[in-house]
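Subject: Structure for you, with notes on helix packing

Hello,

Here is the structure I said I would pass on.

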Amino acid sequence: MCLHGGLLIATVISDMRCPYCNSTDSRVTDSRPDTEDAIIRRRRVCNDCGAKFTTVERVQMRDLMVRKNSGKIEAFDREKLRRSIKLACRNRDVGDEQIEKLVTSIHRRLETETADDTVTSAMVGQMVSDSLLNLDPIAFVRFASVYRKFSRISDFKKIIDQIPEAADDAAVCHLPKTSLF
Ligand SMILES: [Zn+2]
């Protein structure tokens, strides 16, 4: 993996604001590196109000931009990616940790598999689709219906026909035991 040009986010510790009182005066009580996801979690205590919170340092290799179908270019938004995956996985047996790992792997692939700093929204959508198909076929169909802007039931039929039977069988045990209302 090529790491040149990498920049470390959130290295300026003194600028870290307490989410409760906005103070910049906090101390680190515990640091845990997560080598698999290339992040460091820091447990902090605010020196002003005593609140405890955690910050995450993540190595960012590039400042990615996303070119949308409309031609508009905007900064890659990791949170937006996480939200759209979380929405597709709602009430499915997919934990926050699995979603975070998925976001990290997609983010990393975008950074390493593209020649320049601008990726297309179609590329991001395809990566999410491929990952969700492996993780949970129902989340895959939900995501595809939004990402490909389904307008007819036949759109669902076409995409459902692409799901291997084995993946569908694997999804059965993932059915939640929660009620909607
Ligand atoms: Zn505080």
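In what follows, an axis is a line fitted to C-alpha atoms, for helices over the stretch in contact, and the angle between two axes runs from 0 to 180 degrees between N-to-C directions. Please keep in mind that this is a predicted model.

On that basis, H2 packs with helix H3 (residues 121–135) at an angle of about 140°, and their axes are 11 Å apart. The two are therefore oblique to each other, since an angle over 145 would be needed to count as roughly antiparallel. The crossing of H2 and H3 is right-handed. On the H2 side the contact is made by Gln98, Leu102, Ile106, Arg109 and Leu110, and on the H3 side by Val124, Met127, Val128, Ser131 and Leu135. Sorted by class, the residues in this contact of H2 with H3 are seven nonpolar, two polar and one charged.

The other pair is helix H1 (residues 78–88) with helix H2 (residues 96–113), which pack at an angle of about 130° with their axes 10 Å apart. That angle makes H1 oblique to H2. Here too the handedness can be given: H1 and H2 cross in a right-handed way. From H1, the residues that meet H2 are Arg78, Leu81, Arg82, Ile85 and Lys86; their partners in H2 are Ile99, Leu102, Val103, Ile106 and His107. The contact of H1 with H2 holds six nonpolar residues, one polar and three charged.

Leu102 and Ile106 of H2 are listed in the contact with H1 and also in the contact with H3.

Regards

Key: Residues numbered from 1 in each chain as written. Predicted model: local features only at pLDDT ≥ 70, side-chain atom pairs only at ≥ 80, totals over all residues. Helix = DSSP H or I, 4+ residues; strand = E, 2+ residues; numbered from the N terminus. Parallel < 35°, antiparallel > 145°, perpendicular 65-115°, else oblique. Left-handed = near helix turned anticlockwise from the far one by under 90°. Contact = placed C-beta atoms within 7 Å. Nonpolar A, V, L, I, M, F, W, Y, C, P; charged D, E, K, R; others polar.
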